[in-house]
Protein chains: 4
Amino acid sequence: MRINPDQINEINRSSAEVLEQSYSQLADQLDRKNIDVDKLLHKLGDFQVAIPSWALGQGGTRFGRFKLGGEPSNLIEKLEDIGLLHQLTQSANMVSLHFPWDSVLDYQEVKAKASELHLKFDAVNSNTFQDQIGQSHSYKFGSLSHRDKSVRAQAIAHNIEVIETGDKLGSKSLTIWLADGSNFPAQHNFQQALERTTASLEHIYQKLPEDWKLFIEYKPYEPNFYSMVIQDWGTSFMLANHLGDKAYTLVDLGHHLPNTNIEQIVATLMNQNKLGGFHFNDSKYGDDDLSVGSIKPYALFLIFIELIYGIENNKANPYPAWMIDASHNTKDPLEDLIQSIEAIKIAYAKALLVDQKALAQAQEENDVVLAQELIQDAFLTDVRPLLQKSRVKKGGALNPLGMYRQLSVRQHLIDTRGSGSTATGL
Amino acid sequence: MRINPDQINEINRSSAEVLEQSYSQLADQLDRKNIDVDKLLHKLGDFQVAIPSWALGQGGTRFGRFKLGGEPSNLIEKLEDIGLLHQLTQSANMVSLHFPWDSVLDYQEVKAKASELHLKFDAVNSNTFQDQIGQSHSYKFGSLSHRDKSVRAQAIAHNIEVIETGDKLGSKSLTIWLADGSNFPAQHNFQQALERTTASLEHIYQKLPEDWKLFIEYKPYEPNFYSMVIQDWGTSFMLANHLGDKAYTLVDLGHHLPNTNIEQIVATLMNQNKLGGFHFNDSKYGDDDLSVGSIKPYALFLIFIELIYGIENNKANPYPAWMIDASHNTKDPLEDLIQSIEAIKIAYAKALLVDQKALAQAQEENDVVLAQELIQDAFLTDVRPLLQKSRVKKGGALNPLGMYRQLSVRQHLIDTRGSGSTATGL
Amino acid sequence: MRINPDQINEINRSSAEVLEQSYSQLADQLDRKNIDVDKLLHKLGDFQVAIPSWALGQGGTRFGRFKLGGEPSNLIEKLEDIGLLHQLTQSANMVSLHFPWDSVLDYQEVKAKASELHLKFDAVNSNTFQDQIGQSHSYKFGSLSHRDKSVRAQAIAHNIEVIETGDKLGSKSLTIWLADGSNFPAQHNFQQALERTTASLEHIYQKLPEDWKLFIEYKPYEPNFYSMVIQDWGTSFMLANHLGDKAYTLVDLGHHLPNTNIEQIVATLMNQNKLGGFHFNDSKYGDDDLSVGSIKPYALFLIFIELIYGIENNKANPYPAWMIDASHNTKDPLEDLIQSIEAIKIAYAKALLVDQKALAQAQEENDVVLAQELIQDAFLTDVRPLLQKSRVKKGGALNPLGMYRQLSVRQHLIDTRGSGSTATGL
Amino acid sequence: MRINPDQINEINRSSAEVLEQSYSQLADQLDRKNIDVDKLLHKLGDFQVAIPSWALGQGGTRFGRFKLGGEPSNLIEKLEDIGLLHQLTQSANMVSLHFPWDSVLDYQEVKAKASELHLKFDAVNSNTFQDQIGQSHSYKFGSLSHRDKSVRAQAIAHNIEVIETGDKLGSKSLTIWLADGSNFPAQHNFQQALERTTASLEHIYQKLPEDWKLFIEYKPYEPNFYSMVIQDWGTSFMLANHLGDKAYTLVDLGHHLPNTNIEQIVATLMNQNKLGGFHFNDSKYGDDDLSVGSIKPYALFLIFIELIYGIENNKANPYPAWMIDASHNTKDPLEDLIQSIEAIKIAYAKALLVDQKALAQAQEENDVVLAQELIQDAFLTDVRPLLQKSRVKKGGALNPLGMYRQLSVRQHLIDTRGSGSTATGL
């Protein structure tokens, strides 16, 4: 589904007056603080986050999955959903593919569709946590860390194939989330599993094109419930250092033990020029994969303060590859993604408002109270008019969620694709 | 599959000498502490734990499920698997059914088969966390707590049907694990969801036969990741008190927040005569559903100390309905269950060894060091000869796991049932 | 120290113009949503939170305590600090005393001072977690739960004495935070410890004046690290139910296991008319006692939604007794309290903005996305002009922290009281 | 206090017969498994763990400290307590000093006393988490990470002084536990705090004698409750790599977030030859500093499996510097240490029993069930006779705790030192 730009403009127009008013009030308020509002608008307009192809259908848990309707059942339809999302939000111009879920039959068709929708292909993702029909070896006991050389070879070959596919589409990075681990003490010899994983990664790394990056994700548990081979940032960082300059750590917000100070991990990785990718979601208990900003928006804001500081100060660290990695068990995935994009940009905008100079001064003087005031002043500011203004300027929806609903998009998708269509994913 | 008792005896005989020696050494050691070894043997022999019908196939996670082979594909085959388990361990003479997974077509056949295998039907379980084909209303947004009266009515009716089915099979209790909850703040009005749940439970409770019990399970998260309607023992206990004398709390070891002192909850519930059921499993992170005793055997032992104390001292609390509630993603389910049964009985036996009189005296004197010595003395004792002796006496396997493997049971099941058969469950 | 009202007005005047502008913009914005701004102003003006007498000095950890200077070294000085806080914020007109830290020598003097400062005496607090010089029995192994009757008698007598003292000062409630527990498995017989505690509480409850309330706090760990006798809301609720209509549960935000859904506990307790008291603070790991709103402001907002809903709908639940219970290891305690009061009122104001009617409708329709939008719309609104307006109207400081600093209050206190004075507390 | 060896022998003799019997039974059992019992005895006899000088008095929490009596009030008395511990257990021949708590006035006297008691000086510890009287700069806002160069210089100088003192006593390593961190978001600039810490460590590292090691401890929280500069093993490992070959990570069992898989961290560090030191204690919630083995003895056993594997296979990793780091709030510290030493040796002995060859084979075959059986077989074995035999052979007490009590050591210490003496520590 594609929305007529005139229609967008028309719907926007109905709220234009209120926006102008709230925007000018906010601009005045920021002016008084000597904040360059135009620069802010630019930054917000430039901000883009990748949408994973596997997040467009209703998600589930081990206890089951409920029906949605109108889910995209092939890659072209997935691109269309993301294209729509980008049209509304102007912040989702990248797609992250997942193989073999997104096997590409006709590269020209896929590239043409993406181009038509102004979408680029971001990091590609391999899958060695499930067995596919016809696969020679099972990943039940691991893939890149498996004891059996032929299983490792199969997993390595799959990753290389993913690189090749991504290369044809214009991707420039491979994300490896390694689900390998153990469910019981003594199942793994930790040291050997780590060494085999290292060797497997070396093989993949060797095949990485010159201008590509390798992102190594970490996770403490799930789907294995005693150990994961790459359990934390320390392990990922160690592996990335070992592999070389093109290897980086990828932070997924849901992949931490209770109470972890994630913003400090972000700061450390950027300080070491090793933060490559970033997966957004939110959670209360574990890898709950909830809508970004729905549970801990302040933590997200604190993380963005570190990200912005690092982007500004750690020039050797690449600009992070942003992606939303959530599961949509309850909400319409497109609505969920709209809310997530909004939450990310709100956190980003607020973090941009922090008076870095005053903060540095307060820190210099150990003025803890003032330092808190400075960041909370930014957090408490209502930045929504900025986001709206920036979106409208770029041709997007003033209120993406409202427009999505006003245009009955989901119903339209159901009418087109049927109520029984199912997207690949979890 | 059924093992010939002669074969059991013959295999046992090969280790009989070593057993006699280790048993007599242990008996001497216990004698010196004035422990009545015969009484211990009796208690161990009497101990039975229910096996859920849904735990006989390979389990999975939201990321997928790997193949096993030889899984029971109907209720009769499930009973046969449990019968085999009981034959080997002599501690699994109860089955816990789950509806609609275990729909019974021919009651006579099922009862005859159970009787043949010396199995009884323990608590029956309802399922309102998944939608079944042809179901009028979806449980996507809840069941007993649902806003829509007709959804609640459907869920209530299902529970009543489960009671009726269980009644025909000789069950005497219904376990309700209510998966209802919310994934996002504001999704639920907490108070109203609780009130609707209470009213729904009242309806079910009214239909409970006179000699039945209702077990109310609690869980802090999963499959909902922001809130669960019955989130903790306090909520379950409150509901059980409200419903009446036949309602009890059910403790599942995996259903707690990190670091919870579960043994204290057990003690409190028994003190209030409201501990009805008990689900065994083990976990490191959340509801990992790992083999009992594989992660925190000492915690299990501490819990058994409270259970034994309560059984002895809280006469108004019913004898708890034990069940293993684990998921078998990695191991052969039958081997996993054998290990779990063994771990439960080891914890039970060790807890029975605690010198309660000396402990009471140490506690009286605030002799914390001695109190620890007393329980650790029990924990450090190697009780395996006791379990073996007790099993052999009852006609079971001295070494159930060894015998299972020696007899190539899994291969036999694959040969009979095929490598593609799938059991219902998660 | 006391600030001249003229001085307050004068300082306020310098920011008056900006306030008027931002306030009128916010008022317009709220008007458009049909929110009664005057009513909001009233509610905010009426909101008062108690300040504990033990939170006016620099706090510490088991690793030590750093010096501050100008700490109040007696009750009169503590009242003066709280009086100042109230003068600036207009939201701290209650004092919560702690015995024996706040032994009162001259009731008339204390009452006169409080009256002069427009302060009332809120809940009184007993202390049986430390030994005092000259005390007959030690609380090393417990107080109300102690095995030794004479220790329990001493602890009961102390609580009764605290009631009597509080009664003379006009307090109407006793808060019991029972630190009793065990550091090691088997140290306690859980059931007996609970029973002894129940009996001790009965004694205290009997001495409670007719118009008093008893607040029972709960906490999962610290200062005991294996078990606490009153470990969770379930236990506190059970005890409160047992004691009678004057007994209530008290929720302290820092007293929960990782990831606990506190707002649901609040909702449940109010539903049962048993939420009596509420202690504010914030934390990342445990009972960190950090400034309110400094770590999880969104969680605080969600909790306030439940509190407001309960105050509106659970008429049989008493209006909660609010108190700040934080420790000030790093910040100047008075600045910390100013920030905490501000954070509480921000959360309160935002929660008041939630469109309850629309939310109920969204919940009715299981419109999870809209329900989230509704509460986030309130959360994202910048309510600070409301707080400022309300404060100025009542004679307080437009910017309490700024004024505190502009007037060099801490330096003034150091000049008066010396840099070595030490307040009682932790 | 010093026990006459004859007295030890005499008391041992009363239990000699039972020991011989249980030992020979165990030896037979192990023989059947082809385990070299003599080698085991040797290993157990050789195992020594350092006792920190600050763990000999009653510990406390921020809520207070209860009295013990007979605490050592100077270094000589501390050495005597440890000497006694070593006499009884034969496993505590090392002392770990802490400065400035253990300021040495007369090196000859201290060395002579240690030599007389057969004690050596293990790692020395610096203290920059407290302010000492007369100190020029405060550590309130940090030490090695402090913004102010002169504070850092003071902290660096202190560490260098500690090295010099340790050098005179024969120590060969410095342990730095850096308590620096922040209580509130924005208090620290994470990157700069890390960089300043790195630079400070470089200064200290430069002063490290050639044959010394530097151990860098990590901890996620406490005494700072938002961030700690060295929050996890990853940060410590990064710093150790940066500093050079003499720098290592130190693992303290209590310094991890909930649910951390510590054994995997141990394996990773040993794989990288960077595990230097190891602090034993146990905990249920945080850094509870409880007696070793009192809460999670199975986890300790799993950790020892990794330690033993690493000692055997990672030849470039130094033999770890073991130390008990617990706090004794409830128990008599000497009794607590006796229990802890016993628990450590039990875990060590059990881990030594694991059939490494069979385990490697089971792992090779992904036989998860068998792998679990193999380690649990070791864990379930009652190894106490081995420990007793080993101890008696070396002249220690068959039952150290029993002998400690039989000889009324604490009473003797109180008689000698008084009931009001206080040891330095927490």
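Modeller: Start with strand S13 of chain B, residues 275-280. Six of its six residues are buried, so the strand is largely enclosed by the rest of the structure. Buried means that 20 or more other C-beta atoms lie within 10 Å of a residue's own; exposed means 12 or fewer, and partly exposed lies in between, with C-beta atoms placed from the backbone. Helices (H or I, at least four residues) and strands (E, at least two) are DSSP runs, numbered from the N terminus.

A word on the source. This is a predicted model: local features need pLDDT of at least 70, side-chain atom pairs count only at pLDDT 80 or more, and totals for chains, interfaces and linings use all residues. Residues are numbered from 1 along each chain as its sequence is written, while chains are lettered from A and ligands numbered from 1 in the order in which they are written.

Now the partners of S13(B). Strands pair if DSSP finds at least two bridges between them. Strand S12 (residues 247-252) of chain B runs parallel to S13(B), and four bridges join them. Here B:Asp252 stands opposite B:His279 of S13(B). The chain gets from S12(B) to S13(B) through helix H8 (residues 262-271) of chain B, in a right-handed β-α-β crossover. Right-handed means that, with the strands pointing away from the viewer, the path from the first strand over the helix to the second runs clockwise.

Strand S14 (residues 321-324) of chain B is also a partner. S13(B) and S14(B) pair in the parallel sense, over four bridges. B:Phe280 stands opposite B:Ile324 in S14(B). The chain passes from S13(B) through H9(B) to S14(B), and this β-α-β crossover is right-handed too. B:His279 has a bridge partner in S14(B) as well: B:Met323.

Look at the side chains of S14(B). In a regular strand the side chains alternate between the two faces of the sheet. B:Ala321 and B:Met323 point one way from S14(B). B:Trp322 and B:Ile324 point the other way, and all are buried.

Helix H9(B) leads on to the chain contacts. Two residues are in contact if their C-beta atoms, placed from the backbone, lie within 7 Å. By this test, 23 residues of chain B are in contact with 23 residues of chain D. Helix H9 (297-313), helix H10 (333-353) and helix H12 (368-380) of chain B are the elements that give two or more residues to this side of chain B. H12(B) gives the most, with five residues. The residues of this side divide into eight nonpolar, seven polar and eight charged. Ala, Val, Leu, Ile, Met, Phe, Trp, Tyr, Cys and Pro count as nonpolar, Asp, Glu, Lys and Arg as charged, and the others, Gly among them, as polar.

How do chains B and D relate? A rotation of 180° with 0.0 Å of shift along its axis superposes chain B on chain D, with an RMSD of 0.0 Å. The two copies are thus related as by a two-fold rotation axis. Of the residues of chain B, B:Asp382 comes closest to the axis, at 2.8 Å (C-alpha). The same surface serves both copies: 100% of the contact residues of chain B recur in chain D.

Chain A also meets chain D. Here 37 residues of chain A are in contact with 37 residues of chain D. At least two residues each come from helices H7 (190-206), H8 (233-243), H9 (262-271), H10 (297-313), H12 (356-364) and H13 (368-380) of chain A. H13(A) gives the most, with five residues. This side of chain A divides into 17 nonpolar, 16 polar and four charged residues. A rotation of 180° with 0.0 Å of shift along its axis superposes chain A on chain D, again with an RMSD of 0.0 Å. A:Gly234 comes closest to the axis among the residues of chain A, at 2.0 Å (C-alpha). The copies meet through the same surface, because 100% of the interface residues of chain A are also interface residues in chain D.

Back in chain B, one backbone detail remains. The peptide bond from B:Glu222 to B:Pro223 is cis, with omega near 10°. B:Pro223 lies in the loop between strand S10 (213-217) and strand S11 (227-228) of chain B.

Conventions: Least-squares fit on C-alpha atoms with pLDDT ≥ 70 in both.
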